[in-house]
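Here are some notes to read alongside the model, written for someone meeting it for the first time. Please keep the viewer open and look up each residue as we go.

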Amino acid sequence: MEGRMTHHPIINSSSCIYSISASPIPISNRPWVRSRFWGSRMDDPFTTCSISPKKKLTTSNHLRHVESMAHLPSGAGRITRLNALILGEALASEEDDLVFPSEDFSRHSHVSSPHKYLEMYRRSVQDPAGFWSDIASEFYWREKWSQQVYSENFDIRKGKIKIEWFKGGMTNICYNCLDRNIESGNGDKIAIYWEGNEPGLDTSLTYNQLLARVCQLANYLKDVGVRKGDAVVIYLPMLMELPIAMLACARIGAVHSVVFAGFSAESLAQRIIDCRPKVVITCNAVRRGSKIIYLKDIVDSALLESAENGIAIDVCLTWENDSAMKKEMTKWIKGRDIWWQMFRRVIACMIYVQNSDFVNGHGCLDVILKYPVTCDVEWVDAEDPLFLLYTSGSTGKPKGVMHTTGGYMVYTASTFKYAFDYKSTDIYWCTADCGWITGHSYVTYGPLLNGATVVVFEGAPSYPDVGRCWDIVDKYKVSIFYTAPTLVRSLMREGDEHVSRYSRKSLRVLGSVGEPINPSAWRWFFNVVGDARCPISDTWWQTETGGFMITPLPGAWPQKPGSATFPFFGVQPVIVDEKGVEIEGECSGYLCVKGSWPGAFRTLYGDHRRYETTYFSAFPGYYFSGDGCSRDKDGYYWLTGRVDDVINVSGHRIGTAEVESALVSHPQCAEAAVVGVEHEVKGQGIYAFVTLVEGVPYSDDLRKSLVMAVRNQIGAFAAPDKIHWAPGLPKTRSGKIMRRILRKIASRQLDELGDTSTLADPTVVDQLIALADC
């Protein structure tokens, strides 16, 4: 296909060039500056740049990072009025606007300069078929894709929204994660280090061992009737069995749907009812920090609810997590429930037992030696579904985001490699749970497709103390550490001493995911955790995008604390106004994407119309992210948060309608309206305005009861941070709740309420303000 690159706004002139030394040299004594960058210009190019005497730069080679910034595809003007520092040479202060990679880091990175990035980026948007075909060819395909590498329609006015990549190509992502790496000689390399909740509880699997475990489970699933295209729901904590279950499903062409093991029984039941799985996989309990969560009880309740709605599940495979709960204490339903360990073969043992008649205490046949450690691969089309992942929607019903196999495989592998500058010697740790997209793309698939060694952590980052993360980093010599701003801010509040007492010398790249990271937290992460020598890949992406969309590439260009910087290969971000008109240069507006990329989701399961309405109807011709964004004068992108009715709490997207529905289910709640507010630790907090049934008095006990209603129906992570009593809600005469006003009240921005005269009852606003601290 022809390239689809249209006009790209670019930085209009050469970026400001920095010369930093212990004793600043007068501009007139720097002839190399003029001759190299400004020719015979006699005007002083440094008059708009601040030069810090505390930092030492002894070579002009560092300037290679800004020479071609003028050509990056982001649009704005000259980089001016900025201070700069270089990795490893100084700490980032509030006055520092740019952080340059060191010459040594850049020299060894995959993308070493803006020149190299621009060369690759240009090709990715001018010749996407050729660019992505070359990368896809690095993986194993049983059959190559058709001549048409991709097909797309992003414009709802022209018909059905469609995205296809590598259609006709036959592959398997499990094979590419495991068998391909083993065949290349890495079978004895550690694939997963697993760290339990309790210090000292750990284990590991090589790629050979991981493949054997995956094949055992895959064979079991086939034995109980799971076939290509069937759904399997996985409700597990961060045990090694979670990525094993995902890979086992992928190996046989089954569609996995991982549900975060913090969701309530009702939320789990919703997902089971929607995707109708053949099997549910869980464990009896998990210990997170000092608290035990009885997951099997939650699953039992969810399966009872799903059965009442006509969806009966015949098999509930349960892992005995004996560090949290013994199997003898686990409630059991004979004929449906089976212990995982009862089918798992001891890999080192090559003896097969025939006709075993041993029956355990729960009435399950002991088939521990039955299933072999090899399993044939189910080759699937690139456009066959790989997984469903449910995300919150503004209507209250979770959306089943569907990702397919081939494009997702190529995109997650590529983004992992380049955004983290991954090397084969790296030890990688992402703190995310596989119940979210980050755990899919950057705990399981992206790293394993690159043959990486991954740390999987079961516990809480503050247990048994707030130094646990850095203890794990030192224990496994973690070199790439990827986490959420929520955790960064939380650890930041505890003080530097909990970090500095650990070495952390193995770290070389840091990463941030889930929400925008504020500059002060960025600097703390950089200065304290990374000792001012580790670049931070501050990534922007979504469940729907499959992988990184806007992200720094370590070694390629200077970073700005808090900015996601520039687009990844093949991604064409645009900022539009309320009418959908693209805005050039420095601006703020709605973040959209034009043109497809391989990792894009293909539909919402069972509801393509909602897919089109939610993501492609607001601004026809574009994918609408639902996020606000600013682009500064230097072309750097800054994410400003959600603009729809979804709140981003600690990286978890929670629909306001879901929380409102849970609150209104309380017998004493007549009406509720939920908005997001800034939260020091979580990024956004949940602020709920609650109108009670007539005659019910306000009380702290009722507040707690309302919060528990949300915890029970959705999960603890969705619990409101604030319940604000509301005699009434600000509504228009047509009955629409004016959430804009509620957000201003919740944020105490009372001088920005705007015109309230159009409300059906303007006096409600004064009543809400009066009750703000009650």
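1. Let's begin with Arg 703, which sits in helix 20 (residues 700-713). Helices (H or I, at least four residues) and strands (E, at least two) are DSSP runs, numbered from the N terminus. Arg 703 is buried, with a relative accessible area of 16%; buried means under 20% relative accessible area, exposed over 50% and partly exposed in between (1.4 Å probe, protein chains only). Beyond its neighbours within four places in sequence, Arg 703 is in contact with Lys 722, Ile 723, Trp 725 and Cys 774, where contact means heavy atoms within 4.5 Å.

2. A word on how to read the values. This is a predicted model, in which local features need pLDDT of at least 70 and side-chain atom pairs count only at pLDDT 80 or more, while totals for chains, interfaces and linings use all residues. Residues are numbered from 1 along each chain as its sequence is written, and side-chain values use heavy atoms, with hydrogens and water left out.

3. How many disulfides does a search of the whole structure find? The count is zero, a disulfide being a pair of cysteine sulfur atoms within 2.5 Å. Take Cys 629: its nearest cysteine sulfur belongs to Cys 587 and is 7.6 Å away. Cys 629 is buried, at 1% relative accessibility.

4. Salt bridges are there to explore, 30 of them in the structure. The term covers a side-chain nitrogen of Lys or Arg within 4 Å of a carboxyl oxygen of Asp or Glu. Side chains of opposite charge can pair when their charged atoms come close. One group forms a network of salt bridges linking Glu 195, Asp 202, Arg 468 and Lys 475.

5. Do look at Lys 278 and Asp 230, whose closest N and O atoms are 3.0 Å apart in a salt bridge. Lys 278 is in the loop between helix 10 (265-275) and strand 10 (279-283), and Asp 230 is in the loop between helix 8 (207-223) and strand 8 (231-235), so this pair ties together parts 48 residues apart in sequence. Lys 278 is partly exposed at 40%, whereas Asp 230 is buried at 18%.

6. Two other salt bridges are worth a visit. Asp 300 and Lys 296 meet at 3.0 Å, N to O; they are four residues apart in helix 11 (residues 295-308), and about one helical turn separates them. Asp 300 is buried at 16% relative accessibility, and Lys 296 is buried at 1%. Glu 582 and Lys 594 meet at 3.4 Å, N to O. Glu 582 is partly exposed, at 26%, while Lys 594 is buried, at 13%.

7. Is Thr 551 buried or exposed? Thr 551 is buried, with a relative accessible area of 0%. This residue is found in the loop between strand 22 (536-538) and strand 23. Leaving aside its neighbours within four places in sequence, Thr 551 has contacts including Ala 419, Trp 557, Phe 566 and Phe 568.

8. Some backbone details deserve a second look. Most residues other than glycine have a negative phi, and most peptide bonds are trans. Tyr 463 and Pro 464 are joined by a cis peptide bond, with omega about 0 degrees, and Pro 464 lies in the loop between strand 19 (453-457) and helix 14 (468-476). Asp 421 has a positive phi, near 50 degrees; it is in the loop between helix 12 (406-419) and strand 18 (427-430) and is buried at 2%. Ala 532 has a positive phi near 60 degrees, lies in the loop between helix 17 (519-529) and strand 22, and is buried at 3%.
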